[in-house]
Amino acid sequence: MRAFLDENFLLNTETAQELYHNYSKSLPIIDYHNHLPPEQIAQDTKFDNLGQLWLAYDHYKWRAMRAQGISEEYITGEASDKEKFLKWAEVVPYTLRNPLYHWTHLELQRYFGITDLLSPRTAERIYEETRQQIAEAGFSARGLLRRMNVDVVCTTDDPLDSLEYHQQVAKEGESFRLLPAFRPDKAMNASNVTVLNGYIDKLEGVTGLSINNFKDYLEALRNRHDHFSSCGCTVSDHGIEHLYVAEYTDQELRAIFEKIRMGKELSDDEIVKFKSALLVCFAEWNHEKDWVQQYHLGPLRNNNTRMLQRKGTDTGHDSIGDFRQAVALSRFLDRLDSNDKLAKTVLYNLNPADNELFASMAGNFNDGSVRGKIQFGSAWWFLDQKDGMTKQINALSNIGLISNFVGMLTDSRSFLSFPRHEYFRRLICDIFGEDVERGEIPNDIEWVGKIIGDISYYNAREYFRFF
């Protein structure tokens with residue numbers, strides 16, 4: 001019987017073990033999509049304890065704690081960091097077969113050298129031992145990134161963000177690069193005219209431009225797109241239910257924007273036209289600057305109205321949606337491709353039923369100009385676990401070229417989440433290793449190892465042009 005989380009965790013064949021330890025394990029990490037706070041990185045924030053590091057932003061853990069019957073006081077409420085940690089320790093033994101069990105203990109091992117299992121019996125001792133380590137040098141925000149051999153941290157940033165913290169880190173010459181990603185979802189929020197008007201007012205203040213019509217709005221947003229580029233940005237991102245592909249005219253857009261500024265609610269058709277126009281504009285700007293654009297598609301957000309009113313967004317009350325994706329994806333990409341304005345694109349699905357759909361759609365728009373130009377992105381959010389990643393890898397392998405894959409990301413708000421890259425690397429080495437040992441791919445370790453190294457690191461390095 002194998003020991004839990006030993007050096008060959010998830011590596012079930014000798015070939016898998018050789019691939020991981022010799023070709024993947026020691027490679028740096030390019031985390032091209034996460035939600036870490038740039039301010040904390042720039043200021044090299046010092047943390048007080050593991051409760052603060054683990055539970056301040058992690059809605060994966062929050063969902064598990066609620067499912068186990070833990071009061072909100074110990075999740076997002078007023079309980080102390082230690083009290084929240086102890087409650088999490090009560091829940092951990094019940095997370096068997098959930099990726100949280102693996103992630104929790106990988107993080108204890110990789111950051112703190114702790115191999116004991118977290119439970120109520122060990123919680124006090126682990127809390128104190130980690131608290132003492134966190135107080136030492138090397139456990140600050142930057143220290144944690146260095147500890148995991150991170151080359152690039154690419155955050156998710158609204159067009160209104162100043163990017164001052166990214167600029168600060170760039171000037172200081174860190175061992176890693178802190179880069180922004182342009183995420184203009186709030187600029188498209190025509191479903192809430194009041195909120196959108198407030199956003200437009202702030203955009204006027206940030207740019208110093210008067211926004212009197214839709215053309216002015218585009219000019220102001222383009223101003224921010226240019227600013228991001230001047231700060232080293234080469235990536236954009238959207239987190240939406242599905243792509244919007246309605247037809248529209250300039251006259252219609254002018255009228256829609258006038259209604260917005262007058263505070264009048266829009267019809268469903270007007271909302272879709274507004275969003276469709278902005279998506280096309282953003283994509284065309286991305287192409288002009290040779291950026292990579294990412295589309296995270298499929299979440300059904302804010303399902304619990306009571307908790308939305310109490311706690312706000314991004315608190316663990318989102319789920320997988322069952323939106324129809326194929327037609328909109330095809331029309332959107334085809335429109336850009338037909339006008340020779342299709343940038344490098346990464347497509348992420350949240351519904352696993354769409355795996356083969358996304359993998360096949362990506363293949364429609366590879367044109368030989370760039371290796372892996374259109375990517376079927378890594379398993380995301382609810383799918384970034386063993387089963388979800390395996391299915392995404394298999395769908396891409398069967399329908400596209402897994403050898404071009406840009407690999408894993410954390411999509412996380414936690415400084416302790418980087419062992420997810422290790423988790424992914426171990427899993428893909430195991431998949432390739434089993435294929436070798438079954439005789440389904442050649443026993444050419446050097447070549448297979450090169451493919452593993454590319455997926456683990458080198459493909460992302462080439463694709464995103466961060467260096």
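Me: Domain bounds come from an automatic or database domain assignment. Into which domains is this chain divided?
Reply: In this predicted model, local features need pLDDT of at least 70 and side-chain atom pairs count only at pLDDT 80 or more, while totals for chains, interfaces and linings use all residues. Residues are numbered from 1 along each chain as its sequence is written, and side-chain values use heavy atoms, without hydrogens or water. The chain splits into domain 1, made of 14-48 + 140-464, and domain 2, which covers 49-139.

Me: OK, and how far apart are their C-alpha centres?
Reply: The C-alpha centres of domain 1 and domain 2 are separated by 28 Å. Their contact (heavy atoms within 4.5 Å) draws 33 residues from domain 1 and 27 residues from domain 2.

Me: Moving to the strands, what is the order in the sheet of 4?
Reply: The order in this open sheet is β4-β5-β8-β9, with parallel pairing, where strands (E, at least two residues) and helices (H or I, at least four) are DSSP runs numbered from the N terminus, and two strands pair if DSSP finds at least two bridges between them. At the edges, pairing on one side only, are β4 (235-240) and β9 (374-376).

Me: By how much are its neighbouring strands turned?
Reply: On average, neighbouring strands of the sheet β4-β5-β8-β9 are turned by 15° against each other, direction ignored; axes are lines fitted to C-alpha atoms, for helices over the stretch in contact, and angles run from 0 to 180 degrees between N-to-C directions.

Me: How many bridges join β5 to β8?
Reply: Strand β5 (residues 292-297) and strand β8 (residues 344-349) run parallel and are joined by 6 bridges. As for a specific pair, Q293 is placed opposite T345 in β8.

Me: What about the sheet of 3 strands, in which order do they come?
Reply: That open sheet reads β1-β2-β3, with parallel pairing, and its edge strands, each pairing on one side only, are β1 (29-31) and β3 (177-179). Its neighbouring strands are turned by 5° against each other on average, direction ignored. Between β1 and strand β2 (residues 150-154), which run parallel, there are 3 bridges, and the bridge partner of I29 in β2 is V150.

Me: Back to the other sheet: which strands does α16 lie across?
Reply: Helix α16 lies across β5, β8 and β9, and its direction makes an angle of about 165° with β9.

Me: And how does α15 pack against α16?
Reply: Helix α15 (residues 326-338) packs on helix α16 (residues 355-364) at an angle of about 15°, with the axes 11 Å apart. The two are therefore roughly parallel (angles under 35 degrees are roughly parallel, over 145 roughly antiparallel, 65 to 115 roughly perpendicular and the rest oblique).

Me: Which residues meet there?
Reply: From α15 come A326, L329, S330 and L333, and these meet L357, F358 and M361 of α16. By class this contact has 6 nonpolar, 1 polar and no charged residues, with Ala, Val, Leu, Ile, Met, Phe, Trp, Tyr, Cys and Pro counted as nonpolar, Asp, Glu, Lys and Arg as charged, and the others, Gly among them, as polar.

Me: Last one: at what angle do α10 and α11 pack?
Reply: Helix α10 (residues 193-207) and helix α11 (residues 214-230) pack at about 60° with their axes 10 Å apart, which makes α10 oblique to α11, and their crossing is left-handed. Among the residues of α10 that meet α11 are L196, Y199 and I200, and on the α11 side Y217 and A220 are included; the contact divides into 8 nonpolar, 2 polar and 1 charged.

Conventions:
A crossing is left-handed if the near helix is turned anticlockwise from the far one by less than a right angle, and right-handed if clockwise.
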